[in-house]
Every structure is written in C-alpha cells, then in structure tokens.
Amino acid sequence: MDTSFLPGTVRANMCRVLLIFITFTVMHRANCQSLGKCPKKETMKTFDPKLFEGQWYEVEKTFYMMEMTASCTAFNFTLSPDGMSFKVQIGTKNRITGNPNIFSGVATLVSKNKSVLNYRAESRLPGLFSRMLPTTGLYHIIYSDYNNYTILWSCTSFGLFHTDIIWVLGRERDLTATSRAELYGLLYELNINPDRLILTKHEKCDDFF
C-alpha cells in the first residue's frame with residue numbers, strides 16, 4: 001500500500017497500528033509452542049453438520065491468550081441452507097468488568113462430510129488484515145458425539161515449531177463424571193494430554209443467544 005502521499009505523522013501512526021496488530025497476532029499464535037510442524041490429527045470419518053449445529057459451551061481448553069479474561073464462553077452454530085457452512089456466534093463475559101461480548105463469523109466446511117472448518121471472523125478490516133485476525137483459520141473437529149461433547153483442535157506451523165490449541169465443547173456448561181472420564185480416555189487415545197486443559201469459568205452466566 002502506497003502511503004507516500006500521507007503526512008509523515010499519519011504514516012508513522014499507521015505503521016505503529018500495523019506493528020501492534022502484527023505483534024498481537026504473533027503473540028496469540030504462540031500460545032503453546034512445540035518443535036516441528038503441526039502433527040496430523042485424524043478427524044471424523046463421517047461428519048453430520050445438521051446434528052452438530054446448535055448451541056455449545058466451552059467446557060475446557062488449553063491456554064488461549066484471547067480468553068485470558070473471558071468466562072461463560074458459548075457458541076451458536078447455524079447451518080446454511082446448502083449445508084456447507086455455519087453462521088457462528090461466540091458469546092463471552094469479561095471476568096473483570098462483567099460485560100458481555102458477542103462475536104460473529106462464518107465457518108465453512110473444507111469438504112462435504114469432512115469435519116474441518118475454515119473460520120473467518122466478521123470484520124471491517126481489509127481482506128488481508130481480516131485473514132490475519134487471531135481467530136481466523138482452520139479448526140478440526142476431532143470428535144463429536146453431537147449430544148454431549150466435541151473435541152476441537154487448531155494448529156499453526158511457524159517453520160521450526162508449531163502452536164496448537166484444544167477446546168472441549170459441551171451441550172451443557174459442564175460434563176457429567178461419566179462423559180469426562182470417557183472424554184479423557186479418548187484424548188489419551190488421540191495422543192492429546194488432557195493435563196494441558198484448563199476448566200472454563202462459568203459463574204453467574206446469562207444466555208447470549
């Protein structure tokens with residue numbers, strides 16, 4: 001982008017904003033670094049988006065910078081008429097101020113019956129910047145029983161290392177003891193250490209949708 005026609009102070013401010021934006025994105029992506037490229041994770045062999053749609057709650061997750069002050073996190077997935085994308089609403093409550101926030105975006109299925117979603121947050125930023133937003137990217141639905149819990153995984157490679165994030169979503173704000181034991185057993189089978197997970201705080205939560 002040619003900014004030579006702009007006054008020097010305006011160009012300097014634009015550069016500062018861009019630097020902050022890039023720094024924030026890199027810090028976000030570096031939540032949990034491991035050597036090597038992203039490992040290959042098997043996704044569901046058959047995925048039914050109609051059964052998946054509806055409301056889910058974040059039950060547990062690995063460290064995620066974007067949610068350091070978030071609580072009561074909930075998702076609502078609305079399937080498009082062609083069955084190939086979801087309108088996604090994400091609701092959170094700030095633990096410090098108590099204020100609710102709702103974010104929106106579109107998650108498109110990479111291919112029919114394959115449980116990989118390409119999510120793009122709604123933004124007024126230009127196309128290049130909107131694709132760099134922290135939440136934008138591929139999300140793999142490793143497993144879902146549609147009625148109790150879902151395992152969601154995302155990973156980004158940075159040359160010699162990669163960073164990944166895991167979410168456990170539930171149809172309720174917490175899992176039963178039976179479902180959690182089943183979930184942890186499945187995570188071990190998938191070579192995912194459940195000790196990395198942190199319980200999401202759900203205190204004095206209201207409905208977002």
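## Terms and overall fold

A residue is called buried when its relative accessible area is under 20%, exposed when that value is over 50%, and partly exposed in between. These words are applied below to a predicted model.

The protein contains four helices and 10 strands. Read from the N terminus, its elements follow the order α-β-α-β-β-β-β-β-α-β-β-β-α-β. Of its 209 residues, 42% are buried. The accessible surface amounts to about 12100 Å², and carbon and sulfur atoms supply 59% of that area.

## Salt bridges

Side chains of opposite charge can pair when their charged atoms come close. The model has six salt bridges. One of them joins glutamate 53 to lysine 50, with 2.9 Å between the closest N and O atoms. Lysine 50 has a relative accessible area of 54% and is therefore exposed.

Another salt bridge pairs arginine 196 with aspartate 164, and here the closest N and O atoms are 2.9 Å apart. Because arginine 196 lies in the loop between H4 and S10 while aspartate 164 lies in strand S9 (residues 161-170), this pair ties together parts that are 32 residues apart in sequence. The two partners fall into separate accessibility classes: arginine 196 is partly exposed, at 28%, whereas aspartate 164 is buried, at 7%.

Aspartate 174 and arginine 180 also form a salt bridge, their closest N and O atoms being 3.1 Å apart. Aspartate 174 is partly exposed, with a relative accessibility of 48%, while arginine 180 is buried, with a value of 17%. Both residues belong to a network of salt bridges that also includes Glu60.

## Residues with positive phi

Most residues other than glycine have a negative phi. Tyrosine 146 is not a glycine, yet its phi is positive, at about 75°. This tyrosine 146 occupies the loop between strand S7 (137-144) and strand S8 (149-158). With a relative accessibility of 14%, tyrosine 146 is buried.

Asparagine 191 likewise has a positive phi, near 65°. Asparagine 191 is located in the loop between helix H4 (177-189) and S10. At 68% relative accessibility, asparagine 191 is exposed.

Cysteine 205 is placed in the segment after strand S10 (198-199). Its relative accessibility of 22% means that cysteine 205 is partly exposed, since the buried class requires a value under 20%.

Leaving aside residues up to four places away in sequence, cysteine 205 is in contact with Cys72 and Arg173. A separation of 10.0 Å is found between the C-alpha atoms of cysteine 205 and alanine 74, two residues that are 131 residues apart along the chain.

Notes:
Residues are numbered from 1 along each chain as its sequence is written. This is a predicted model: local features need pLDDT of at least 70, side-chain atom pairs count only at pLDDT 80 or more; totals for chains, interfaces and linings use all residues. Side-chain values use heavy atoms; hydrogens and water are left out. Helices (H or I, at least four residues) and strands (E, at least two) are DSSP runs, numbered from the N terminus. Buried means under 20% relative accessible area, exposed over 50%, partly exposed in between (1.4 Å probe, protein chains only). Contact means heavy atoms within 4.5 Å. Accessible areas come from the Shrake-Rupley method with a 1.4 Å probe; for residues, only the protein chains shown count as cover. A salt bridge is a side-chain nitrogen of Lys or Arg within 4 Å of a carboxyl oxygen of Asp or Glu.
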